[in-house]
Amino acid sequence: MGDMARTREGISPQVAPFAIQTGQYAAQMILASYNLARVPPPFVYRNPGSMVVLGRYDAVCHFPWKNVMCRGAGAWILWLGLHLAKILGPRIRLLALADWGQDYLFRSATMEIIRSFQTSDIAQNIGEFEEWPKDPK
Ligand SMILES: Cc1cc2nc3c(=O)[nH]c(=O)nc-3n(C[C@H](O)[C@H](O)[C@H](O)COP(=O)(O)OP(=O)(O)OC[C@H]3O[C@@H](n4cnc5c(N)ncnc54)[C@H](O)[C@@H]3O)c2cc1C
């Protein structure tokens, strides 16, 4: 299940929706093994879409089932709202909001790294990685 799952197709998507759906499927299988529910049909992952924050007030959202892709402040608000809605329990939701608020106020968010890098920085870092000693295996 979740991040540890491996299917015939290979490694599964290491995202929260996949972990939730496989967890629910496993629960159904356990109930079925005690004759408390019907054996479910083979597991099929339903991809709800992807969202990524690019920086302050900027994100990209892609919903393949609607063939919709959006970017900018609207996508960022959507990301924020959906992630907050999905967090279990008001206490953790409030803590997450305070944490993100602090990151945005003090510009300490890790995601800002994406924006702070210049192409030349990345090229330089790739160069540094290539100089690392090779794996003896
Ligand atoms: C920084 C970061 C950002 C992410 N952002 C997103 C995102 O925006 N959207 C998204 O969809 N996904 C995101 N993910 C991926 C998502 O968090 C994972 O895909 C999801 O949490 C996997 O769930 P899981 O239940 O398989 O594993 P986990 O959530 O890792 O849960 C495994 C649990 O098992 C516990 N455990 C481990 N070993 C033992 C043991 N021996 N005994 C008892 N307990 C044990 C661990 O402490 C942990 O609580 C992110 C991941 C990271 C690291």
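Let's start with one residue.

Now H1 itself. Helix H1 covers residues 16-33. That makes 18 residues, reaching 26 Å from the first C-alpha to the last. The expected span, at 1.5 Å a residue, is 26 Å, and H1 comes close to that.

How far can we trust the coordinates? The protein chain averages a pLDDT of 82. Of the residues, 78% score at least 70. Which elements have the highest and the lowest mean pLDDT? H1 has the highest, at 95. Helix H5, residues 119-130, has the lowest, at 53. Where pLDDT is low, the predicted coordinates should not be read in detail.

On to the sheet. It is open, it has three strands, and their order is S3-S4-S5. The pairing is antiparallel. Why does one side of S3 and one side of S5 lack a neighbour in the sheet? Strand S3 (50-55) and strand S5 (68-72) stand at the edges, and each has a single partner strand, so one side of each is left open. From one strand to the next, the twist averages 10 degrees.

Take the S3 and S4 pair. Strand S4 is residues 58-63, and five bridges link S3 and S4 in the antiparallel sense. Let's walk along them. Serine 50 stands opposite histidine 62 in S4. Valine 52 faces valine 60 in S4. Glycine 55 has aspartate 58, in S4, as its bridge partner. Then look at the turn. The hairpin of S3 and S4 has two residues between the strands. In that hairpin, tyrosine 57 takes a positive phi near 55 degrees.

Next, S4 and S5. These strands run antiparallel too, joined by five bridges. Alanine 59 has glycine 72, in S5, as its bridge partner. Histidine 62 is partnered by methionine 69 in S5. How many residues lie between the strands in the hairpin of S4 and S5? There are four, and asparagine 67 in this hairpin takes a positive phi near 55 degrees.

What packs on the sheet? Helix H2, residues 73-86, does, touching S3, S4 and S5. The direction of H2 makes about 75 degrees with that of S4.

Last stop, the ligand. Which residues surround the ligand? They are Gly2, Asp3, Met4, Gln14, Val15, Ala16, Pro17 and Ala19. This shell divides into five nonpolar residues, two polar and one charged. Find them in the structure above.

Methods
Residues are numbered from 1 along each chain as its sequence is written. This is a predicted model: local features need pLDDT of at least 70, side-chain atom pairs count only at pLDDT 80 or more; totals for chains, interfaces and linings use all residues. Two strands pair if DSSP finds at least two bridges between them. Axes are lines fitted to C-alpha atoms, for helices over the stretch in contact, and angles run from 0 to 180 degrees between N-to-C directions. Two residues are in contact if their C-beta atoms, placed from the backbone, lie within 7 Å. A residue is near a molecule or strand if its C-beta atom, placed from the backbone, lies within 6 Å of it. Ala, Val, Leu, Ile, Met, Phe, Trp, Tyr, Cys and Pro count as nonpolar, Asp, Glu, Lys and Arg as charged, and the others, Gly among them, as polar. pLDDT is the predictor's confidence in each residue, from 0 to 100. The expected span of a helix is 1.5 Å times one less than its number of residues.
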